Every structure is written in C-alpha cells, then in structure tokens.
Amino acid sequence: MTQIQVIPGDITQFAGDAIVNAANTTLMGGGGVDGAIHRAAGPALYAACEKFHGCPTGEARITSGFALPAKYIIHTPGPVWRDGRHGEPELLANSYRNSLQLTDEYGCQTVAFPSISTGVYAFPLDQAAPIAIRTIREFLRTAQHVQTVTMVCFDPVTEQAYQTALNA
Ligand code: AR6
C-alpha cells in the first residue's frame, strides 16, 4: 500500500529514510530549507556536496544524512519562476520524479519533501502543489521500494495548498 501525506513541520526533524533538499545548482548551500538542512546535518554535508561540482535544474543527487535523523538527503535544484513559459512546470516535475527515482534506487521506503521552488524561487504555490502531487502519484504506481511520501509544510498556507491538491 503506497500513500501520500501532508503534514506541518520542519523537514530536518523527519526520521524516515530520506529527505529532499530544495537546493540550488551549485549544491553549496543557501537560505531557506537548504540552509536549515546544512545547519542540522553539519559541515560534513558541505564537503560531500562539493564533490558533485553542481547539479542541473530538475536533476537530483544523493548524500548521507550525516547528523540528521534521515539516512539520506536528496538534493534537487527546482526551477526559478520567471513567467511559467520557460519550462518551469516540467522542470518542477523533473525535480520530484528524479528525487523519487534516486530514493527508490537506494531502497528507501519513506521520503519527505519540502515545497520545492515556492519560497525564494517564487513558483506560485497553487500551481506547484498539483504538479508535485500528480508527479508523486504517478511515480508511486511503479515504485519498487518507496511506500510513503510525506510533504512537510513549514507554514499553514503551504500545508493548505498541498492538502487541497491531495484531495482534488
Ligand atoms: N522544513 C520544511 N520546509 C521549510 C523549512 C524547513 N526547515 N524551511 C523553509 N521551508 P525555499 P526554493 C519551506 O526558499 O523556493 C535556497 O537559498 C519554505 O517555507 O527554501 O526552492 C537554496 O539554496 C518554502 O515553503 O526553496 C536556493 O538558492 C519551501 O520550504 C533557493 O533557496 C521552499 O522554500 C531555493 O528556493
């Protein structure tokens, strides 16, 4: 039985197999959830990320979770919102799909996502949430290991948007 959950909270506290980081293409840290994950995981995460020499938008890379309760961290740069006509929806779907693909390859059963691209990257939340839920649902139909995907929402407006998309 696979499922999608939407919960409020701080993703750094997620005690499952993997969490996803809304990174940038350098993978060298930043603000928002990325900054929180780097602070909580410790400096060894920075050293591990350096070895990738960046990551293109929509792709994903995996590291250990270091000091985090989660075993793995998947790093994916979501798209920066421009006007919606520069491939932003497809790139956002790629971030979710490629992150799930990696977690599945690593045998993870539980994985948590933040709301990718809807903070600093300004992707409209009402468009991002249905793309995320649809992509996760599609992936779960053929997943080998992943069973539960949790959207960890940092604020009530974000939580409501994903809850609405989940119930649509
Ligand atoms: N747990 C869960 N969600 C969080 C947390 C947390 N601890 N902290 C923030 N959020 P953002 P983006 C939410 O800006 O839009 C960074 O500088 C936040 O409220 O973190 O993909 C990177 O290095 C929002 O709902 O990511 C990139 O340069 C969501 O996470 C850039 O920001 C995403 O907001 C990426 O921008």
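Q: Helices (H or I, at least four residues) and strands (E, at least two) are DSSP runs, numbered from the N terminus; with that in mind, in which loop is A122 found?

A: A122 is found in the loop between β5 and α4, and S117 lies in that loop as well, which runs between β5 (110-113) and α4 (125-142). Before we go on, note that this is a predicted model, in which local features need pLDDT of at least 70 and side-chain atom pairs count only at pLDDT 80 or more, whereas totals for chains, interfaces and linings use all residues. Residues are numbered from 1 along each chain as its sequence is written, and side-chain values use heavy atoms, with hydrogens and water left out.

Q: How many helices and strands does the protein chain have, and in what pattern do they follow one another?

A: The protein chain has five helices and six strands, and from one end of the sequence to the other they follow the pattern β-β-α-α-β-β-α-β-α-β-α. Taken along the principal axes, the box filled by the C-alpha atoms is roughly 40 × 40 × 30 Å.

Q: What should I look for in the backbone angles of S117 and A122?

A: Most residues other than glycine have a negative phi. S117, however, has a phi near 75°, a positive value in a residue other than glycine, and A122 also has a positive phi, near 60°.

Q: Are S117 and A122 buried or exposed, or does each fall in between?

A: Buried means under 20% relative accessible area, exposed over 50%, and partly exposed in between, with a 1.4 Å probe and protein chains only. S117 has a relative accessible area of 5%, so S117 is buried, whereas A122, with 42%, is partly exposed. Over the whole protein chain of 168 residues, 49% count as buried.

Q: How do I read contacts, and which residues does A41 touch?

A: A contact means heavy atoms within 4.5 Å. A41, which has its place in helix α1, touches G65, F66, A67, L68 and I73, if residues up to four places away in sequence are not counted. A41 has a relative accessibility of 4% and therefore counts as buried. For the protein chain, among contacts with a separation of 6 or more, 70% are accounted for by residues 24 or more positions apart.

Q: Where in space do residues lie that are apart in sequence, as with A41 and V6 or with E50 and M28?

A: The two pairs can be read in turn. A41 and V6 are 35 residues apart along the chain, and their C-alpha atoms are separated by 23 Å. E50 and M28 are 22 residues apart in sequence, and the C-alpha to C-alpha distance between them is 6.7 Å. E50 is found in helix α2 (residues 43-50), and its relative accessibility of 44% makes E50 partly exposed.

Q: What lines the largest pocket?

A: On a 1 Å grid over the protein atoms alone, a pocket is an open set of points where a 1.4 Å probe fits, with protein on both sides within 12 Å along at least five of seven lines, and its lining residues have an atom within 4 Å of a point. Here the largest pocket is lined by 29 residues, and A22, G32, V33, S115 and G119 lie nearest its centre. The elements that give two or more residues to this lining are β2 (18-23), α1 (32-41), β4 (72-77) and β6 (148-153), and α1 gives the most, with four residues.
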